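Trainee: Before I use the contacts in this model, I would like to go through them with you. Please show me the sequence and the structure.

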Amino acid sequence: MTQSDNIISILIIDDHRLFNDGLSLMLADVPDLLIAGQVYHSREATEQVVKLQPDVLIIDFNMPEIDGLELTRRLTVELGTQRILIVSMYGENRYIEDFRKAGASGYMLKTSSKDELLTAIRSVAQGLMYFDPKLADKKQFSNHADDVFLKKYKLSPREVEIIRYIKAGLSSPQIADKIHLSQHTVDTHRKNIHAKLGINTIADLVRFAVETGL
C-alpha cells in the first residue's frame with residue numbers, strides 16, 4: 001500500500017470489457033482506492049504490472065491466451081510475490097487451492113457484493129490472505145462432482161458451470177448474461193455438453209446432473 005497517503009492502487013486484469021469497466025466504475029468513488037489501470041488482454045499484464053507497480057492486482061479466472069492461473073504463476077515467478085485477488089465464477093476447492101499454490105493472496109466469487117470485495121481488497125493490500133467465506137458453504141461444488149464431470153466426462157470448467165445453470169432452470173440468454181458470453185457461444189457449449197454426455201434433451205441433462213451429484 002502506498003505509504004504516503006494510504007491509497008491502494010489497483011490494476012484490473014479481465015478480458016470481459018463490461019465487467020472490467022463496471023468494476024472500475026464501481027470502485028472509482030471509494031476514497032482509499034485508486035484504479036491505476038485496466039488490462040483487457042492477459043498477454044499485456046506483466047508489462048503493465050512492471051510499469052504501474054499496483055498494490056493489488058484483480059485478475060479474472062477465465063481469459064484467452066493466458067488464463068488467470070497461469071498468469072498468477074508467471075507474475076509470481078517473474079516478478080516475485082504480488083498481492084493478487086482472483087475474481088471467478090468457480091467455487092470448486094481444487095481451483096481455489098491451485099490459485100493459493102500459484103501465489104494468489106485472495107479468491108472472490110463474481111457474485112460477491114461491493115462491501116465483500118472492498119473487504120477482500122483491503123485485506124490483500126495489508127498482506128493478508130482473503131478467501132471468500134461463502135465458498136466454505138458451497139456444498140454443490142464437491143470433489144465427487146469435479147472427478148466425475150471434469151475427469152471422466154472430459155468437460156471443461158465452463159461446461160460444468162453451464163450445466164449448473166441449466167439445472168437451475170436458466171435459459172441460454174440468461175446464462176449468457178450471467179457469464180458474459182454471447183448466446184451463440186453458450187449454445188455451442190450446450191451442443192458440446194450434449195455430445196460429450198450422449199444426451200439429447202434438457203430433462204436428461206438435469207437428471208444426469210442430479211444423479212451424479214453436480
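Mentor: Start with burial: buried means under 20% relative accessible area, exposed over 50%, and partly exposed in between, with a 1.4 Å probe and protein chains only. The model is predicted, so local features need pLDDT of at least 70 and side-chain atom pairs count only at pLDDT 80 or more, while totals for chains, interfaces and linings use all residues. Residues are numbered from 1 along each chain as its sequence is written, and side-chain values use heavy atoms, with hydrogens and water left out.

Trainee: Is arginine 158 buried or exposed?

Mentor: Arginine 158 lies in helix H7 (residues 157–167), where helices (H or I, at least four residues) and strands (E, at least two) are DSSP runs numbered from the N terminus. The relative accessibility of arginine 158 is 13%, so it counts as buried.

Trainee: With which residue does arginine 158 form a salt bridge?

Mentor: A salt bridge is a side-chain nitrogen of Lys or Arg within 4 Å of a carboxyl oxygen of Asp or Glu. With the closest N and O atoms 2.8 Å apart, the partner is glutamate 161.

Trainee: How far apart are the closest N and O atoms in the salt bridge of glutamate 70 with arginine 74?

Mentor: Both residues belong to helix H3 (residues 68–79) and are four residues apart, about one turn of the helix. Glutamate 70 is partly exposed because its relative accessibility is 29%; arginine 74, at 35%, is partly exposed. The closest N and O atoms of this pair are separated by 3.1 Å.

Trainee: How many residues apart in sequence are the parts that lysine 110 and aspartate 14 tie together?

Mentor: Lysine 110 and aspartate 14 form a salt bridge with closest N and O atoms 3.5 Å apart. Lysine 110 is in the loop between strand E5 (106–109) and helix H5 (114–125), and aspartate 14 is in the loop between strand E1 (8–13) and helix H1 (17–27), so the parts they tie together are 96 residues apart.

Trainee: Which residues are linked in a network of salt bridges that includes Lys110?

Mentor: The whole structure has eleven salt bridges. Lysine 110 and aspartate 14 are both buried. The network consists of Asp14, Asp60 and Lys110.

Trainee: Which residue in E2 is the bridge partner of isoleucine 10?

Mentor: Two strands pair if DSSP finds at least two bridges between them. E1 and strand E2 (residues 33–39) pair in the parallel sense over six bridges. In E2, the partner of isoleucine 10 is isoleucine 35.
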